[in-house]
Amino acid sequence: MPRSITVSAVAHIRSGGVPTSVPHPRLQTLRMACRRVLEAAPVHAIHEQLHPQLSPSAWHVGHTHFVEALWLRSRLLEDGADLLPLEALYLPEQCPKAERGGRLPDLRALSQWCDAMSEQADAAWIQAAGRWSHHGMISSGYLLGFVTQHYAQHLEILRMVQQVAAAAAATDLGSHTALQAEAPSECWQHLPGRHIEVGDLPNSPAPYDNELGHHRVELPGFDIARMPVSNGQWLAFMLAGGYERAELWSQAGWVWRQQLGTAAPFHWRKRPDGWFAVLPQGGLQSLRSDEPVYGICHHEASAFACWRRARLPHELEWLTARRERQLDAAGKVWEWCANALYPYPGFRAFPYPGYTLPWCDGGHYVLKGGSRWTEPEIRRDSFRNFYTADMRHIFAGLRLAR
């Protein structure tokens, strides 16, 4: 069993015969980016739960450092006795969101702990690249890719927390340009039916288990909009009474709509002179009519599509159009797809049983593309994001198909 990797051991490694270069600089960059969110966040946003579906900012930072140590030191190097007391806080299944804020350490203690975790992790990566280089999780690059993507995903969630905090505190009454409605119109791209290849090959270190399972699919012909729906087009939907017309909504969507307060995207705010947006950086910002709308849930996206006598694309339609370079502005907002998450044929859960299968419940819908706050590690076309139909705090919009 490997010796415990303490801070003093890090100094020994740096002064000994083991390479002293900093391991995995991109991983370190993402670590620090997560921590910088805390430095910029309002005090109340660090330990408080600001949204029912979002944990406090400090929990995300602690959780990401814990998960890196759990997989690298505890699972691989069998050197994680110090992590056992923290499982009750940082393993999501053991600590409900509503309880996390009250159990977190103060900011100074958390920062010191993260420093120690980072130093131990850097030493552990060096050790893993040496004595454990033959291990499949290391030699394939899977573990590094998994941990790096985990930081990247939580960094985007931290930016969602920032936006929730900014939206609650938005009082900026400066000079802005009000959003103008834009006549709805679509530039349709037709893609004829064909067989497509789906599912990355399993020897690639990057994909998650729900992306794996190479198979062929017969895809009928379809049309897809060249551009995602814009802010101006969404305002036209609002002015046409889209939020008040029950016939545009699914039964579940209309129940959700009746419970909704403001009938507008999540981060939009109404002033006497028009609609404006709150961004994660804080303050009110002008909404550009031609920019993709975001801050809407699957229910809202489906209602808009019905209004336009269209539909949302299946994720395989989106993927096919993306491969053929038929989608403009892809990656500016996550785009809701019509289908719920499902396992590909031959699915095998990895690296642990609960990563994907619990969410293949018919209620978690796929989103594709990424947003302006998405890190490069998860911008690949095969990445399958997923949320329930009522989630609108995410950076999600839509693109139409028919």
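Contact here means heavy atoms within 4.5 Å. My helices are DSSP runs (H or I, at least four residues), numbered from the N terminus.

I'm working on a predicted model, where local features need pLDDT of at least 70, side-chain atom pairs count only at pLDDT 80 or more, and totals for chains, interfaces and linings use all residues. Residues are numbered from 1 along each chain as its sequence is written, and side-chain values use heavy atoms, with hydrogens and water left out.

**H2 against H4**

I looked up which residues meet: Leu 27, Arg 31, Cys 34, Arg 35 and Leu 38 of H2 touch Ser 57, Ala 58, Val 61, His 65 and Glu 68 of H4. By class I get five nonpolar, two polar and three charged. (Ala, Val, Leu, Ile, Met, Phe, Trp, Tyr, Cys and Pro are nonpolar; Asp, Glu, Lys and Arg are charged; the others, Gly among them, are polar.)

Next, the geometry: H2 (residues 25-40) and H4 (residues 57-76) pack at about 160°, axes 8 Å apart. Axes are lines fitted to C-alpha atoms over the stretch in contact, with angles from 0 to 180 degrees between N-to-C directions. So I call H2 and H4 roughly antiparallel, the word for angles over 145 degrees.

**H2 against H7**

The axes of H2 and H7 come within 12 Å and cross at roughly 175°, so this pair is roughly antiparallel too. On the H2 side I noted Leu 27, Gln 28, Arg 31, Arg 35 and Leu 38; H7 residues include Leu 107, Cys 114 and Trp 125. I find seven nonpolar, three polar and four charged residues here.

Methods
Helix = DSSP H or I, 4+ residues; strand = E, 2+ residues; numbered from the N terminus. Parallel < 35°, antiparallel > 145°, perpendicular 65-115°, else oblique.
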